[in-house]
Each structure stands twice: as structure tokens, then as C-alpha cells.
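Welcome! Let us walk through this structure together, one region at a time.

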Amino acid sequence: MRFAISLLTVICIASVIGTVLRQGEPAANYVNQFGPFWAKLFLALKLNAVYSAPWFLLILAFLVVSTSLCIARNAPKIVADLRSGKENLREQSLQAFRHRAQGGMAQAPDAAARDIGQALARAGWKVKLQQRSNGWMVAARKGAANKIGYLAAHSAIVLVCLGGLSDGDLIVRAQMLLGGKTPYTGGGMIADVQPQHRLPASNPTFRGNLLVAEGTQAGTAVLNQSDGILLQDLPFTVELKKFIVEYYSTGMPKLFASDIVIHDRETGEAVPARVEVNHPARWRGVEIYQSSFDDGGSSVTLRAVPLNGETRPFEVQGTIGGSTQLSRGGDKGDKLTLEYSGLRVINVENLGDPASSGTDTRKVDLGQHLGAANKSQTKKGLRNVGPSVSYKLRDAAGQAREFNNYMLPIDMGDGVPVFLLGMRESPADQFRYLRIPADEQGSIEGFVRLKAALANPALRSEAVRRYAAKATDPSRPAVTEQLAASTSQALGLFAGDSAAGGKGAGLAAVSEYLESRVPEAERNRAGEVVVRILGGALFELAQLSREQAGVKPMDNSERTQAYMAQAIVALSDASLYPAPMAFQLKDFRQVQASVFQVTRSPGKTIVYLGCALLILGVFAMLYVRERRLWVWLAPSHNGSQASMALSSNRETMDVDREFERLRHQLLGSP
């Protein structure tokens, strides 16, 4: 028994691991998520495929055999015990019981035995009467379900294990071992995959994923394996008419559903159905669950936003899942591949209270993803911030960075809405966002013009001249000339002009320059002066860029001041952006796709039956007490002399109270 409990404990722990750790993933996924050491350990112990690991199957097999033998050995004894009333017990043996009593009765033994038997039968006892040469024995039993509970609980363990084995991938593994099936590791069209990588529609058990885009059909599921995939042909095809998402007032989704048509391959019958989360559709023994959703090939139009001041704006069109070749020049090494990763039309973010978000927009690293940055906020801050597009830029060496940009400006509480341009080096990292302020038209064009003007030495010189002329007294040309020289130096450092004597660009270059030339005691004051000079010069530069574009000049309102403050930070951070341009979502046509989990689970009914038996068996063993009662009636000169005894499989206070009640009821003893 202790060994069996130990095996059950191991199975429970293994099941928890199999639930927490994603099963059947490629080995590289475990390396990326857990590191080489743990990934190697997981693969060595087969924790990436717990339910088909040899040690797990061996434990299940041993537990099934052991429990089955235990049932086979004890079931005949239990059945025989259930049929026996043990009315042959010797009357002298009653004195050995803990609960015993004696008394006299006025009736003859036969009449007293019949009265006692009827009284016990009315109370739910199973009664047997036996006449002997020297008296009558009344044998009664109650709580026989306790023994049945033992059989039910042990049978439940066997049924659950067998059902779990039949619904696991044991049969799939057997087909791979005995039927010559091998995982597929290549690419291309599903229809072109060879038969050795396919499982037949008659496969008795499987669990796979089926992706169907709106307006299309699919009839082949994908079964993920650690070293590739297997394709499972279905006895039908699924056509997705429409994928439906409904939202709460907060913007959070409340319903995912798919309107589908099931096309039977054999009969040609078309059956409409609706699949919702936890409400699957069923056809030919296969259940279709709503697992998730994906992009079904949406088309997007992206506009390149120059961030190096040199690249010219351009537009590019593509399809999610596809790619476009970009060239920065004639050299092959300057070519980039734009890979369209994803389109999200709805983005519900927890922005919280802008005034209390604690986000410092003047930090060079602009923080993490919106939701992660406001974890402490309540649901009152949830808001749909509009569509976003994800893409990768891959260089000629095959190295790629991932980007995620929002289509619309978002009010982050900094006085002016900002466009969020996110990037990360690897999927294990969180996105870091560059915040570009929107101009008075809600556009990014103002910042693009300012960035291009900053890269233009001639415009910088004109902006310096205007700023110095406005900030000084015209009657003091020497002061004006000195301020112009300082402003030109600061603006050159900020723009990354090597002639200014700095390294890099942005506020970091200015700060590094001051640290190398200004004493520490005067550094803070000098920094404030330089920031004020930069603000004034960049304002004039922005006005110049608007003049050239034929846009009316900016006023000196609070919004303009907030815009320029955010623009300075964005210009500084743009120098750290790892790409010469960012792609802004301009237009899109969404095509959604549903990801269904299709399963054939013949063992599900067996498992449900086992669970029901386990509940009933445990309840019967814990809460049903088996009791046996004997009353021996011998003739006496006053009628009958009665001896009574009670036994129970558990000695409790309830048994004591029941015995006293029966003694008073049957013998009338005080």
C-alpha cells in the first residue's frame, strides 16, 4: 500500500509538470526559455513529453497491474462477505465484543426474534433469522456500501489510468514505432507532405491544432512533436465563415466564437455550427474546441518614418506572414528583409491614472510595455489604444530585431499624445518604446521634419542665428556671437556632428561632453543652461522646418512647450534606435483566423466513469460505517433471555450512541 501511494504521488507530480511545462515543443524553445542546463535536463528526463515518457508509462502500467491484482484477490472475499449475514456466530462469542448487553424479554424466543427482525428491517438493516436447537439468532447488517466503496475506489484508479493511456500519445508513438511514421521537419504546403508524415483519419486517438482563416477550409490538423510535426487527416474539413470577438465596456474581450461549416468528406454533407470557448462542436467522434485566434493573412500598408534624418519616407505593402526586401544602397550587405509578424486591431492597455503612473518621460530608456509599466493600476485604467503592427528587420547576416508600433497616438499624461515605437532584441525581452510626440494635427510629420532639419547643417546654423538674435540684446554683438558659438556647439553635439567634438548623439553626448570639460561643482548649473539653449535652438529649428513645408508657425502655448519637451527626449532617444527607419501602420485589411484544437478522445468516457467511481468509493469508505448486530434469544422461565452485540469497522462515539439507542429499542434495558 505504501509503495502504491508513492507511485500515485510520483504520477501526481509528473502530471503537474506536464501541465505547467509546455509539452512537445521544439528543443530550441526550452533552451531559449530555461537555458541550456535545464533544457538538457528536461530532455534527458523526457519532461518535454511526460505522458509518453517510458518511466511514466512504466509506473502507470505497474500501478494498473498491481491494483488489478489487488481487486482480483480481494473482490471474491468482499462479495462473499456481502452475501453472508454471519448468522452462524456462536452465542458465546457475543461476550467478546466491546459493545454487548443482556436483558430479559416477556415473549418466547421465536416471537421475540420476529419482532426484533421486523424492527431492524424497518430501520434499514438487512436481517437474517436462524433457529437453533436451544434458541434463535438474529443477525443484521448495515453499511455494506463501505466494502463496495473499496472496490469502486480501486477500480477507479485502473479506469483513470487506462483512459489516460488511451487518450495520450501512446497510440501515436506506437504508429511511429511500428507503422513507419516519422515527424516532418521541412516547410512548404501541407498537401505536399508525404504519407510517412501523415496519420490516417481512422486514427483512434489524437489531439492537434487546426488553423483556418476566414473564407477558407482546412482538414488537416498539426500534432506537435519534440523533433517536428505529424499531420493528422480529419474525416471532414472545417470552413470558417466568421471569427467573432465581443468586448466588455472596459475593452476587455468577453467572447471568442467561430461560425463554421463542417464538410463531411464521405457524405459531402455541410453542417453549420458555432464553436465557443468551452462549447465545442462534435462530428464523427471528433471534438472541435476554440483554442485561440491568429492572423489569417491580413494585408497592411506601412509608411517608413526616417529616424536617421537621411532616409526618405516611402510606403510598402505586404501580408502578415510574408516579407519584403529593402535596400539601403547598392551593397548586398546593406540589404534588409522586412518580415510582417502580426497585426492587432484591438489593444487593451492598462494606462491607469496618467498623473500617478510614475513614468519619467525624460529617461533615455523609455520604459517597458504599457501593461507591464502599470501593473499596480486598477481596471479603471483599461483602454483600447487602437491597432498595432509587429514586424522584424533582418539583416544580410540573418540577425533580426523585432518591432511593435502603434498606429494612433496615445495620451500618456505628458501633456501631448505620443506615438509608441517598440523594439526588442529577442522574444525573451520586453519591448522598449520610443515615444514620438504627435503634432497639432495628430500626426508624426512634425517630428519627421524636425529630425530631418536637425541632420541639415545649414538649417542648424540658421536656427542658431535666429535663436542667438532673439535671446540677446542687438546692441551687444559680442554677446550674441558668444551665445551663437555655444548654441552651435550644443546643437552639433546633440545632432551627433563629429565636428562638434562629441561622441554619439543626443543628451548622452552632451552630458559626456560636459563631464569631460566642466568641473563637477558647476556641472549641474551648466547642464541646465545647455538644456535651455537646446530647447530654444530646437524650437527655432522646428519653426524653420515648418516654414519650408508651408505650415504655419507654432505658438508659445503650453501644448507647444509640452510638445517640444517630448520632442527633445524623442530626438535624443532616436539616436539609440537600432534601425534607420520605423514603419508606421497606415492602412490595413484584417483577415482573421481561428485556431481550433481537434481531439478524438475515446478514453474520456472511461476517465469520467473512473472519476465518478473514485468520488463514490472514497465517500463510501470515509463516511459509510459498516455495522453488524447480533441478538441471541434463549428460552427462560419468564419468556426469553437476550444477549446482544454490535461490531463496526470504525469505533467512534457515533457507534456508542447507536448501540445505546438499539439496546433501549430492542431490549428495553435501562
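Which residues form a nonpolar patch on the surface? They are Phe34, Phe37, Trp38, Leu41 and Leu45, with about 500 Å² of accessible area together. Patches are made of residues with over 30% relative accessible area and no salt bridge, nonpolar side chains being joined within 5 Å; a salt bridge is a Lys or Arg side-chain nitrogen within 4 Å of an Asp or Glu carboxyl oxygen. Areas use the Shrake-Rupley method with a 1.4 Å probe, and only the protein chains shown count as cover.

Before going on, note that the model is predicted: local features need pLDDT of at least 70, side-chain atom pairs count only at pLDDT 80 or more, and totals for chains, interfaces and linings use all residues. Residues are numbered from 1 along each chain as its sequence is written, and side-chain values use heavy atoms, without hydrogens and water.

Helix H3 (residues 36–44) gives the patch its largest share, three residues. Helices (H or I, at least four residues) and strands (E, at least two) are DSSP runs numbered from the N terminus. Leu45 lies in the loop between H3 and helix H4 (54–83); Leu45 counts as partly exposed because its relative accessibility is 42%, between buried (under 20%) and exposed (over 50%).

Now turn to strand E15 (residues 335–344), where seven of 10 residues are buried. E15 pairs (at least two DSSP bridges) in the antiparallel sense with strand E14 (residues 323–327) over five bridges, and Gln325 stands opposite Thr337. E15 also pairs with strand E18 (residues 388–394), antiparallel, over seven bridges; here Arg344 stands opposite Ser388.

Key
Patches are made of residues with over 30% relative accessible area and no salt bridge: like charges are joined within 9 Å, nonpolar side chains (Val, Leu, Ile, Met, Phe, Trp, Tyr) within 5 Å. Buried means under 20% relative accessible area, exposed over 50%, partly exposed in between (1.4 Å probe, protein chains only).
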